[in-house]
Every structure is written in structure tokens, then in C-alpha cells.
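The following exercises concern the structure shown below. Each begins with a task and continues with a solution in steps.

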Amino acid sequence: MSFRPFTSESYSESDRLEAWRDVLSAVGLQPSAGSTVHTGHATASRRNAEGVVLARLAAGSQAVSPRPHPAGDMPIMLLPTEDGVTLRTSTGHQIISIGHLLLLPRKGDWSVSFQRDMRAIVLSVTSDAFGSRKVTGPVFDEVRVLAPTGFTEVFSRTLESAARNLEMLSDSEWAAVAQSLADLLPTFVRQLMPATDAGATATRAAILHRLCQTIERRLDDPDLTPARVADAEGISERYLQKLFEGSGSSFTHYVRERRLQRASAELSSPAEAHHSISEIAYRNGFNDSAHFSRAFRHRFGLSPREFRQQELERSSASSAVTGQRGWPQQALAQLRSHYPLAGAERSAEAAPADKTPCCAEGERLHHHLSVEAAHVHWGYFSRSMPPQIEINSGETITIETLTQHASDDPERMIKGDSGAESVFHWTREAKNVDRRGAGPMDASVYGRGAGEGFGVHICTGPVAVKDAQPGDVLEVRILDIVPRASRNPDFEGQVFGSSVAAWWGYHYNELLAEPNPREAVTIYEIFAGREGDHDETPHARALYSYRWEPQTDPFGVVHATYDYPGVPVRPGSVKRRHNVLDGIRIPLRPHFGVIAVAPREVDFVDSIPPSYFGGNLDNWRLGKGSTVYLPVSVPGALLSVGDPHATQGDGELGGTAIECSMTGTFQLILHKKADLAGRVFADLTYPLIETGTEWVLTGFSHPNYLAEFGAKGQSEVYATSSLDLAMKDAFRKMRRFLMNIKGLSEDEAIALMSAAVDFGVTQVVDGNWGVHAILSKRLFDSAPRS
Amino acid sequence: MKHHTLPVSPASVHWGYFSKKVTPALTLRSGDRATIETLTHHANDDYERMIADDPGAESVFHWTREHKAVVRRGAGPTEGPFIRGSGEGLGVHLLTGPVAIENAEPGDVLEVRILDVRPRPACHACHAGRCFGSNASANWGFHYHDLIEEPKPREVITIFELDTTGEPFAKAVYNYVWTPQTDPDGIVHATIDYPGVRVDHATIRKRENILSRVKVPARLHFGTMGLAPSESDFVSSIPPSYTGGNIDDWRIGKGARMYYPVAVSGAFFSVGDPHAAQGDSELGGTAIETSLTGDFEFVLHKKADLGGTVLEGLSHPMLENDSAWSVYGFTYPNYLAELGAGAQTEIANHSSLDRAMRDAFRKLRRFLMTVHRLSEDEAISLMSVGADFGVTQVVDANWGVHGTIRKNIFRCD
């Protein structure tokens with residue numbers, strides 16, 4: 001396949017610049033002399049055909065110039081897609097706003113600089129694209145900037161949609177797209193030339209255009225001859241042939257190409273599925289289906305039958321998804337233009353009393369952060385939240401966390417617990433924690449409630465770490481995890497959790513039993529186990545379950561599905577079924593689903609998709625005795641913890657774990673950027689988990705979706721998740737780890753991954769799907785101790 | 001109960017395919033046991049360490065201009081002219097068998113218990129008694145189009161030695177980049193595209209001191225084990241499917257019981273593709289491929305007796321061991337039936353973990369609902385909180401995700 005993905009995640013920091021140069025040079029560009037290239041996260045998708053390269057680039061701020069190129073070839077087309085750019089030429093500089101198309105000659109003194117992030121589509125067409133056909137493009141030596149109107153807009157839109165679908169196109173489709181882009185370009189460039197020699201050209205072009213239209217109408221006529229077309233247009237057959245030759249084609253070639261293109265479009269259309277292949281061939285002017293098959297295979301590399309089968313599968317695979325979590329694309333676009341984000345609002349002023357150091361352990365201080373409305377943020381991460389507490393590297397802190405699912409059985413999980421009551425308090429008059437999610441406070445998207453539930457987890461924090469700066473690494477050691485027992489006298493000392501098979505679960509679109517679809521909540525009791533009693537290992541047992549019924553929240557909004565967190569379920573509104581999962585007990589794996597430092601890209605980040613900053617990792621290996629290393633992106637790091645789980649399976653299939661409020665004790669150790677060299681977490685761009693026996697690397701469909709998709713990130717990440725992508729990311733991260741940290745060559749790393757590294761499914765429900773790679777420390781036991 | 005032995009020889013192996021048409025190498029009854037030798041098809045990556053002076057291996061790999069002991073290798077054409085050789089390498093695994101089971105009929109389930117697995121020591125004087133294996137980072141590997149070092153692309157063979165003196169582990173001996181190899185019939189293999197081609201060690205450059213600090217814990221298992229499918233006479237051994245085959249799960253080792261739906265009369269069990277160790281995903285395309293011998297016990301479960309057992313409704317391979325059950329999801333659960341005539345080549349164009357995950361979910365849900373009598377809601381809640389999904393392999397065309405549920409979940413007062 002001609003599709004080439006690129007991600008900086010594959011490379012160590014020192015190699016990233018060189019790797020990025022390769023990407024740029026494929027489209028005829030190079031970093032401008034003297035400009036610094038941001039070596040942070042960068043991705044590119046590109047696809048090649050003969051002489052044609054189309055690329056979608058996403059990277060940090062930088063400037064690019066032409067890579068010296070021998071022949072006077074077609075200009076490079078560059079379309080900025082998120083922000084404007086600054087164009088510098090010998091005559092000065094100008095600001096180009098988004099949507100304008102730049103035609104850049106392949107030599108000369110120009111540079112295009114991206115002030116913020118680089119996000120652009122680039123098309124490079126060289127003479128190879130035209131094979132033996134002579135396309136005499138006019139020599140082109142100055143930069144042109146074109147406003148998005150008329151033909152330019154058509155061209156830009158074509159570029160955009162082709163670039164967006166690069167990886168989706170089959171080889172044959174891509175070949176057709178690449179060819180049409182290549183064919184459009186000379187016309188485009190010619191049209192831009194000064195008017196002097198344009199008159200005659202324009203006449204010829206107009207006649208040719210009419211001829212093409214005539215042909216298009218008569219493609220079904222197997223006896224379509226040049227003479228008949230020429231006749232219809234009132235020109236001589238010889239002139240007709242000459243016009244086609246002038247355009248780099250011939251009449252016969254053109255007609256065959258159009259027929260095949262149309263046939264391929266009909267073969268891939270579900271609406272035409274009831275027509276046989278020979279009918280389609282006949283409709284497009286092929287009398288003989290054997291001849292059609294041969295010509296088709298020659299053109300597209302597949303027989304018509306194979307092609308149709310392939311297209312059919314593609315369309316059925318892509319039509320499965322129904323609802324999507326997070327921001328809808330439309331709303332994000334509006335947000336960007338109308339809604340300057342204010343600083344993070346807090347529900348109440350921080351209460352200082354119980355955040356002060358409570359005791360000293362040796363020389364280091366131990367802190368305690370209790371859970372209450374003022375100490376949590378619900379459903380989002382934010383770089384602009386004031387910290388609850390600042391602690392020094394090396395100190396320990398106990399952090400209480402609540403599950404957002406406590407409201408599934410408020411009697412058992414909220415009542416009598418002042419911390420939980422404070423967080424969940426919600427009456428007609430008052431809602432202690434108003435914002436739940438990264439959405440708009442006025443709920444203008446769906447009307448679910450403030451924050452729109454674009455993010456659901458109750459996070460305690462943030463905790464600032466003194467002196468932490470972007471580029472440092474924060475080591476979070478999980479020293480202990482203790483479940484939070486019910487404080488309701490009726491259930492004194494008992495521990496409960498909830499698991500929801502929710503609409504965002506993996507199963508939701510293909511339930512077997514009726515009613516379909518449905519959401520089901522199962523309440524579990526947690527038995528922590530007695531010391532030394534082997535029969536009584538810690539486990540969970542189901543208590544009862546119920547189907548979700550529409551719940552009216554205290555503000556009167558009806559939640560027909562589980563679409564907003566913390567809506568109290570009224571006991572009478574659901575039918576409890578007992579004796580569920582009878583005789584089944586599930587061993588515990590207590591862990592925190594969410595451990596995050598604040599992301600750098602935007603102010604409010606949905607807590608659901610995990611990414612480079614950690615977040616909703618949902619990996620049960622993050623339990624007592626484990627450590628996670630997180631790359632610090634904002635001053636103070638701003639650590640938040642939440643989404644406590646009593647146990648979870650790899651995959652988290654139904655959408656949630658056994659969600660159970662728990663209290664964790666952590667030690668935070670800051671590793672300054674300057675001291676990272678030679679450490680296991682040097683060059684860290686993702687959450688790295690260490691357990692007593694393993695290294696667990698976290699791969700995601702989109703390792704840094706905020707940087708990769710920019711403004712659209714919080715919507716796009718839900719739309720494009722795939723285990724195949726996450727597997728690729730996990731592979732690249734493990735390769736990098738083995739090469740850079742363990743000092744192996746690439747060949748050694750790949751052999752070792754085949755023989756000894758285990759890849760597993762972390763979750764398929766958090767928007768950004770996860771595959772982890774597990775490297776056993778035992779492999780390196782024979783290593784000399786340093 | 002009878003104990004049979006099935007040594008390797010050109011007569012007791014078939015290479016690169018499953019087939020209901022091959023004459024059984026052994027016929028036995030339900031309850032019988034058999035010791036079965038298997039050879040790795042990668043033995044020729046280092047002839048001296050893995051074939052020389054081993055009469056069984058020598059006889060199978062024998063290939064000169066005049067005589068090729070096992071002619072057909074793969075389910076492809078057996079009439080020339082060949083691009084790669086007879087069978088065209090459409091399927092690569094050396095399989096011992098088939099073992100026919102008396103009285104087995106379509107609809108039954110065959111249980112295969114692996115009682116023991118032992119490595120096959122080298123015979124050549126220089127290496128006698130030691131055990132070796134080969135790992136190929138091959139053109140069908142997950143990494144192949146995503147390499148970062150030059151030359152791109154490349155294939156690399158790493159030879160490992162298996163140390164069984166204590167807790168068994170494998171250690172790399174040397175590696176080399178694949179160079180074009182000419183087989184005795186004169187066909188040049190620029191990449192690893194046909195099994196059993198002897199690598200001429202004069203054409204390669206051995207690099208020693210590789211993975212020098214690394215010990216790979218052994219996980220002796222059989223990558224390919226299964227029954228003959230009914231759909232075609234000759235079926236490539238590469239894509240795993242509903243009758244098992246190249247599942248490549250390292251848990252299929254000592255102590256495992258595999259269950260396979262019987263598709264043809266006699267079941268026709270074959271085993272091969274022995275591995276000394278493999279990670280979940282088999283990323284580079286192969287495991288540490290090492291010749292092994294196994295002791296097996298065969299139990300036939302008749303269709304009429306399946307109801308009320310863990311085998312009720314089983315239409316796909318399943319593993320049981322002391323601690324868990326695993327079901328195997330594939331991109332296409334039965335690719336032969338789903339993809340039609342061109343299935344055996346077409347499957348390679350459709351590989352996807354996303355579909356395999358979907359299939360694993362459905363199979364595990366069915367298992368929990370049918371066998372453990374859970375409602376759908378119970379099954380889904382349990383899968384979310386108590387089942388683990390892992391990547392079996394991303395290199396065998398029909399990619400695999402396994403869903404595992406621990407037995408102690410059901411052990412209750």
C-alpha cells in the first residue's frame with residue numbers, strides 16, 4: 001500500500017528532526033534556514049502515486065522553504081488548515097489567512113512560517129505523474145496566493161477531502177484520485193498565467209470542455225466514435241483529435257478512462273448492488289464483459305467482482321457506529337468562533353483546613369486531600385485550575401476519590417458520607433459541582449447539563465508539585481489503595497460498587513436480547529478479604545441489577561440514557577433484579593482509572609479519552625505497588641486522580657469497570673528534565689507504567705489526539721478510534737523503548753517483541769482506544785547491575 | 001487406552017496445508033494417547049544446528065536437484081511453472097499427521113490434551129544435545145512497512161539457543177539479514193517466500209553478541225494445531241479459522257486442553273509449527289521456531305453428548321487449562337466460507353484487530369450465556385469487569401484477539 005503514516009512517537013528525541021526532514025522532503029519542502037523546528041509531537045499521513053504525493057501534516061510551530069529541485073516542475077500546493085501562515089519572500093512578508101491556497105515554486109527565496117502549530121495539506125506533483133504525456137506547464141517562479149473562490153475553492157475542497165480520506169482509500173481509488181489531482185493542476189496553473197496568451201487557450205479549453213460533456217452524455221453508446229462527437233459539436237474530427245492531444249490524452253484513452261471510472265463508481269455504490277456486473281459494463285459502453293473485465297483489471301488491479309466485494313465490505317464496516325461520545329464536530333466548530341474560554345470556574349472556594357500537612361514522616365511531609373465539592377473537578381482536566389495544594393517532590397499524599405457512579409445507588413454509596421454528599425449534592429436550588437464535563441456551561445449543545453457530560457470522571461485535585469516544569473517527568477507511586485466503606489448506618493462498613501453496561505460500551509450496537517438497545521446497571525458488593533485467609537481472597541459479588549430508566553434530574557432534565565454523570569437514580573424508578581451473577585465472584589484488582597497531569601493544548605479537556613498526559617488509562621495494572629511516569633506539560637504538573645475501580649477486565653468491554661470509591665496514598669517524585677538522561681523515563685512522551693515485574697507501555701489510537709487533530713481533537717478522537725491504530729502505536733512505543741532505553745538495535749528489538757512482549761487490549765470504550773505492550777523485567781535479569 | 005508414537009518422516013508430514021484428502025498417518029480411538037514429533041519449518045535457517053545428522057529432520061528437509069522429499073509446500077498449484085515452488089508456499093508449516101480419530105463425525109468436538117512438550121536436541125557433533133530455534137522478522141510481520149533503520153525493508157533471522165538446565169529460557173546466538181537464496185531447483189528467493197529453503201551461510205553475514213543481556217523465558221507450545229476444514233481439499237496453514245490451525249497462542253502448551261469442532265469424518269488432526277517462546281501478537285511474523293515433541297491425549301465428544309457441558313454450541317476453537325478458558329476471535333471466524341473461492345489469498349487483504357475483537361466479544365458472550373447460563377446483561381457486565389482480551393497475533397492474515405475468563409470466578413460457595 002502506498003500509504004505512509006509518520007509519527008514522531010517512533011523516534012527518539014535526537015532522531016526526530018531528521019525523520020521529520022524526510023517527511024518534508026517527500027513533498028519538496030525542508031525546514032527554513034535559521035528557523036527552529038519544534039521537535040515535539042508531529043504526525044503526517046502521506047500517500048504516493050507516480051509523481052504525486054499528497055500529505056496531511058500536523059506538527060509544532062516552524063517555517064518551511066523549498067528543497068532544491070533541479071527541473072522547473074509544477075509548483076507545490078500548500079493549504080493551511082487551522083491557522084493562517086506568514087509568507088516571507090524577497091519582497092517582504094504577508095499574513096495569509098486560513099483557507100487560502102499557496103502555490104509555491106520549487107526554488108527561490110521564500111518561506112512559509114506557521115506561528116502556532118503547523119497544520120496543512122500539501123500536494124506535490126512532478127512530471128513523473130504524466131508519464132509519456134507531455135504536459136507543458138508554463139514556467140512558474142513566483143509565489144501565488146489564491147483566495148478560496150471559484151476554481152480555487154473547488155480545488156482546495158478536493159484536496160481537503162482527499163487528504164482527509166487518505167488512509168481510507170483503496171489502492172485503486174487512490175490511483176484515480178491522484179491522477180485527477182495531477183490532471184487538475186496544469187489546468188489550474190495555466191489559468192493563472194497572464195492573459196496575453198490566454199485568449200486562444202481559453203477558446204480551445206472551452207471547446208474541449210463541451211466535447212467532454214458530450215462524451216459524458218453518450219458513454220453508454222458502444223459505438224461512440226470521434227467522428228460522431230466531432231459532428232455533434234460542428235468541428236472536424238482532426239481538430240478534435242488535436243484538442244485531445246493538446247491536453248495530453250487521446251480521444252480513445254479519454255473515453256475508456258471515463259467509462260471505467262463510471263463503472264467503478266457504480267460497482268462501489270450500494271444503490272447499484274442489484275445490477276449485475278455485465279449490466280454495469282453494458283451501461284457504460286462495454287459490449288463484451290470479458291473485455292470489460294480485462295480493461296478493468298488493467299486499470300484498477302482488481303477484477304470487477306473483487307473490486308465490488310471489497311467496496312461492499314468497506315461500506316458495511318463503516319456504517320456500524322451510531323452514537324458518539326464527546327463533542328459533536330459541529331459544536332466544536334461553533335465553539336471555536338464564538339466562545340472564548342474563560343478561566344476555569346470553581347464551584348466553591350477551596351477550604352484550607354484539611355489540605356494542610358497532617359503529619360511528618362521522617363523528614364518528609366505527608367499530606368491529605370479529602371474529597372468534597374471544593375476539592376474536585378468533574379469530567380475535565382484543565383491547565384488553568386488553581387491547585388488544591390502544592391507539595392514537594394518526594395512527599396506523600398493521601399487522596400480520597402469518589403466514583404461518579406455512586407449515584408447509581410445513592411443509599412449505599414452517598415448517604416451519610418459527608419464528602420460524597422457534598423460532591424453529589426444536587427437539588428432544585430443548588431448543585432454543588434455544577435460543571436460536569438468540558439462542554440459549555442449553558443448546555444447549549446445537547447441540553448444535558450452544565451459541561452454536557454463531555455467527560456464524566458470525578459477527579460480530586462489538582463495537586464501541584466513544586467518546581468515542576470514542562471519537560472520534567474512526574475513519577476507517581478501508588479503506595480496504597482483502600483476502598484471507601486459506606487457511611488450509611490444501614491450498611492455500615494460495607495463496600496459497594498457499580499458497573500454500567502452503557503451506551504458507549506462496545507456491545508451496545510449489537511445486543512441480542514430485547515429491549516434493544518438498553519443500558520443495565522449492576523451493583524456489586526466488595527469483600528476486601530481477611531488477612532491470612534486464603535479462601536477469602538478479595539473479590540466482588542453482584543448484589544442486584546436494573547435496566548436504566550429515564551431519570552429526571554433535580555433541574556428537570558430527563559436523561560433517557562446514561563448521558564450525564566451524577567444523576568441520582570430514584571429507587572422507585574427502576575426495577576431491581578436480584579440473584580444476578582449468582583455464584584460468581586470476581587477477584588479484585590483495585591486501581592485508579594484516571595491519573596492525569598494537566599494537558600498543555602487547551603483549557604478544558606474531556607476526561608474520557610486518555611492520551612500522552614495520562615488521564616483515563618483504565619489499566620488495572622495501575623494498582624497498589626505500581627508507578628506511573630507522566631510527562632509534565634504545564635508548570636506545577638497539576639496532578640488529578642479519580643475514577644476508582646475495584647476491578648476491571650482488559651478491554652473494559654461494557655463501558656465501565658466495577659466503579660467504587662477508594663482512597664489512595666501516593667508518593668510524588670519530580671524528575672527534572674536535565675536529569676532524565678540515562679533514566680528509564682528519559683524521552684518520555686506517554687504514560688509509562690511500572691509494576692514490580694513489568695514495564696507496561698500505553699498505546700492509543702491517537703497518542704496525542706489534541707496535537708494531532710488540533711481544534712477538532714475532542715470530537716475526532718471518538719470518531720476514528722481503532723485497535724489497529726492503537727496496536728501500531730504500542731508497537732512503535734515498545735520499539736523506541738527497547739532501542740533507546742534498553743540499547744537494542746531495531747532488529748534485536750523486533751525479534752524480542754515477537755518472542756517475549758505481550759500486547760493486550762486495554763480498553764475499547766474510552767474514545768481513544770488502547771493497546772498496551774508488556775515487557776517483563778525478568779528478560780533483563782542477567783543484566784549487569786549498574 | 002493405547003499409546004502410539006508418530007515420528008517425523010516424509011510419510012508422516014504434510015507441508016503448508018490442512019487437508020481432508022491426505023491419507024492419515026495414524027488412526028486412533030478416543031481415549032488413546034500419542035507421542036508426536038514435530039519439526040519447525042525454519043530449521044533450514046541454520047542447517048547445522050537444526051537438521052544435520054538428525055535422521056528424521058534430514059529425511060523431511062531433503063531437497064536436491066534430483067530429489068525433493070516433500071514436494072508440495074502450501075495449498076497453491078502443484079503444476080508448474082512455479083513462481084516459488086510446488087504449492088507456492090501458500091501455507092508454510094510442517095505439520096505431522098493427520099491423525100484420524102475413529103468414529104469422529106462433523107458436529108462432534110475433539111478434545112486434545114497436551115500432556116507434555118519437549119524440545120528436540122541437535123544431532124550434529126558440534127552442537128549435540130543442545131536445542132536451537134530461529135526467529136524470522138519477516139515480510140509478513142507487523143513491523144515490515146514501518147521500519148526506521150536502513151536498509152528498508154529487510155528480513156532478519158535470529159538464531160536462539162534454548163537452555164533447559166533450570167527454568168528454561170532462550171538466548172540469542174547470532175542474527176543475519178536475509179539474502180537472496182537459490183533453491184536446488186534454481187528458483188531464487190529474494191525474500192522468505194517459500195519454506196524449507198536452506199540458507200547458504202556463505203551468503204550471509206552473522207552478527208554475534210546480540211540481545212546479549214536478554215533471557216527470553218521459554219513458553220513451549222505448538223503454534224499450529226487443528227483439524228481439516230470441510231470447505232476445500234487443500235487449505236493454507238497460515239490463517240487460523242474455525243477448526244483451529246495456526247492460532248499462535250503460547251498458552252497452547254503443556255497442560256492445555258484444546259477443543260475443536262470436527263468438520264470432516266475422522267477429524268484429521270495435525271500438529272506442527274512448534275515454538276519455544278512467543279509474545280502475544282507475534283509481532284515480527286514468527287516466534288522462536290523450535291522443533292518439539294509432544295505427548296497428546298485425544299478425547300472425542302459426540303455431538304449428542306455436548307448439551308450441558310462446556311462444549312455446548314461450540315463452533316470455534318477453545319482452550320481450557322487449570323485456571324481459565326479462552327475463546328479465539330478472528331478477523332473472519334470462518335474465512336473460507338465468508339470470502340468464497342479466493343478466500344485463501346483474499347484473507348491477507350482484510351486483516352484487522354477491530355474485527356477480531358468484535359468476534360472475540362461475540363464468542364465469549366455466547367460461551368457465558370450458553371455454558372454458564374448467564375443472561376445477556378450478566379454476561380456483558382462480567383466481561384467488562386472479569387474477562388481479559390488480548391492480542392493473539394497480527395501476522396497470520398486472519399488476525400486474532402483472544403478473550404479469557406478465569407475459572408476461579410465461577411468457583412463459589
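**Exercise 1. A helix pair in chain B**

The axes of helix α5 (residues 353-370) of chain B and helix α6 (residues 376-386) of chain B cross at roughly 125° and come within 9 Å of each other. Here axes are lines fitted to C-alpha atoms, for helices over the stretch in contact, and angles run from 0 to 180 degrees between N-to-C directions. Helices (H or I, at least four residues) and strands (E, at least two) are DSSP runs, numbered from the N terminus. The model is predicted: local features need pLDDT of at least 70, side-chain atom pairs count only at pLDDT 80 or more, and totals for chains, interfaces and linings use all residues. Residues are numbered from 1 along each chain as its sequence is written, chains are lettered from A and ligands numbered from 1 in the order in which they are written, and side-chain values use heavy atoms, with hydrogens and water left out.

Task: classify the orientation of α5(B) and α6(B), and state which residues of the two helices meet.

Step 1. Angles under 35 degrees count as roughly parallel, over 145 as roughly antiparallel, 65 to 115 as roughly perpendicular and the rest as oblique. α5(B) and α6(B) are therefore oblique to each other.

Step 2. From α5(B), the residues Phe361(B), Leu364(B), Arg365(B), Leu368(B) and Met369(B) meet Glu376(B), Ala379(B), Leu382(B) and Met383(B) of α6(B). Contact means heavy atoms within 4.5 Å.

Step 3. By class, the contact of α5(B) with α6(B) has 7 nonpolar, no polar and 2 charged residues. Ala, Val, Leu, Ile, Met, Phe, Trp, Tyr, Cys and Pro count as nonpolar, Asp, Glu, Lys and Arg as charged, and the others, Gly among them, as polar.

**Exercise 2. Backbone features in chain B**

Task: locate Arg373(B) and Ala397(B), and decide whether each is buried or exposed.

Step 1. Arg373(B) is found in the loop between α5 and α6 of chain B. Its phi is positive, about 55°, although Arg373(B) is not a glycine.

Step 2. Buried means under 20% relative accessible area, exposed over 50%, and partly exposed in between (1.4 Å probe, protein chains only). With 53% relative accessibility, Arg373(B) counts as exposed.

Step 3. Ala397(B), in the loop between β24 (387-393) and β25 (400-406) of chain B, has a positive phi of about 65° although it is not a glycine. With a relative accessible area of 13%, Ala397(B) is buried.

Step 4. The peptide bond from Gly97(B) to Pro98(B) is cis, with omega near -5°. Pro98(B) belongs to strand β6 (residues 94-101) of chain B.

**Exercise 3. An open sheet in chain A**

Task: give the strand order of the 5-stranded open sheet in chain A and explain why β2(A) and β8(A) each have one side without a neighbour.

Step 1. The order is β2-β5-β10-β7-β8 (chain A), with antiparallel pairing. Two strands pair if DSSP finds at least two bridges between them.

Step 2. β2 (29-31) and β8 (92-96) of chain A stand at the edges with a single partner strand each, so one side of each lacks a neighbour in the sheet. From one strand to the next, the twist averages 25°.

Step 3. β2(A) pairs with strand β5 (residues 62-66) of chain A in the antiparallel sense over 3 bridges. Pro31(A) has Val64(A) in β5(A) as its bridge partner.

Step 4. Helix α1 (residues 13-26) of chain A lies across β2 and β5 of chain A and runs at about 150° to β2(A).
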